[in-house]
Amino acid sequence: TLKKQWQPQLVEVYGNLGVELAQKRLKTALSWQKQHPVEPSLSYALGRLHEYLEQLGEAKAAYQSAVDQGGHRQASERLAALYALDGEHEKSHELLALAYRGA
């Protein structure tokens, strides 16, 4: 479906499907970046996939990209959670505030 008609909501669902086949889905999602280089929903999906694969540095970068591209709320929330795990509570609080302001 996404090959025929790009739908950001479906891209987010694709990223949220869980750990099963995450590596394969990551490869597919990375290929979509060529056609959709500035797409917050895709950056969020990439973050979720990297997170499932325990690639937390890449997950943070993807979530940050989603936030920078358009203030993606779920990306802000996930990025805040990762910063909190790292003990970076001030940065985490800033991102949560951004998410709740309607990012």
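## Legends to the close-up views

**View 1. E54 lies in the loop that runs between helix 3 and helix 4 (56-70).** Helices here are DSSP runs of H or I with at least four residues, strands are runs of E with at least two, and both are numbered from the N terminus. This is a predicted model, in which local features need pLDDT of at least 70 and side-chain atom pairs count only at pLDDT 80 or more, while totals for chains, interfaces and linings use all residues. Residues are numbered from 1 along each chain as its sequence is written, and side-chain values rest on heavy atoms, with hydrogens and water left out. E54 has a positive phi, near 60 degrees, although this residue is not a glycine. Most residues other than glycine have a negative phi. With a relative accessibility of 69%, E54 counts as exposed, where exposed means over 50% relative accessible area, buried under 20% and partly exposed in between, for a 1.4 Å probe and protein chains only.

**View 2. L21 is found in the loop between helix 1 and helix 2 (22-32).** Phi of L21 is also positive, at about 60 degrees, in a residue that is not a glycine. L21 counts as exposed, because its relative accessible area is 55%.

View 3. When neighbours within four places in sequence are left aside, S43 is in contact (heavy atoms within 4.5 Å) with A62, Y63, S65, A66 and Q69.

**View 4. R48 also belongs to helix 3.** R48 is counted as buried, because its relative accessibility is 14%. Residues up to four places away in sequence not being counted, R48 touches G15, N16, Y63 and R78. From R48 to K4 the separation is 44 residues in sequence and 23 Å in space, C-alpha to C-alpha.

**View 5. Helix 1 (residues 8-15) and helix 3 have axes that come within 8 Å and cross at roughly 5 degrees.** Helix 1 is therefore roughly parallel to helix 3. From helix 1, P8, V11, E12 and G15 make the contact, and from helix 3, S41, L42, Y44, A45, R48, L49 and Y52. These residues divide into seven nonpolar, two polar and two charged. The axes are lines fitted to C-alpha atoms, for helices over the stretch in contact, with angles from 0 to 180 degrees between N-to-C directions; under 35 degrees counts as roughly parallel, over 145 as roughly antiparallel, 65 to 115 as roughly perpendicular and the rest as oblique. Ala, Val, Leu, Ile, Met, Phe, Trp, Tyr, Cys and Pro count as nonpolar, Asp, Glu, Lys and Arg as charged, and the others, Gly among them, as polar.

**View 6. The chain as the setting of these views has six helices and zero strands.** Along its principal axes, the C-alpha trace spans about 40 × 25 × 20 Å. Of the 103 residues of the chain, 41% count as buried. Among contacts between residues at least 6 apart in sequence, 48% join residues at least 24 apart.
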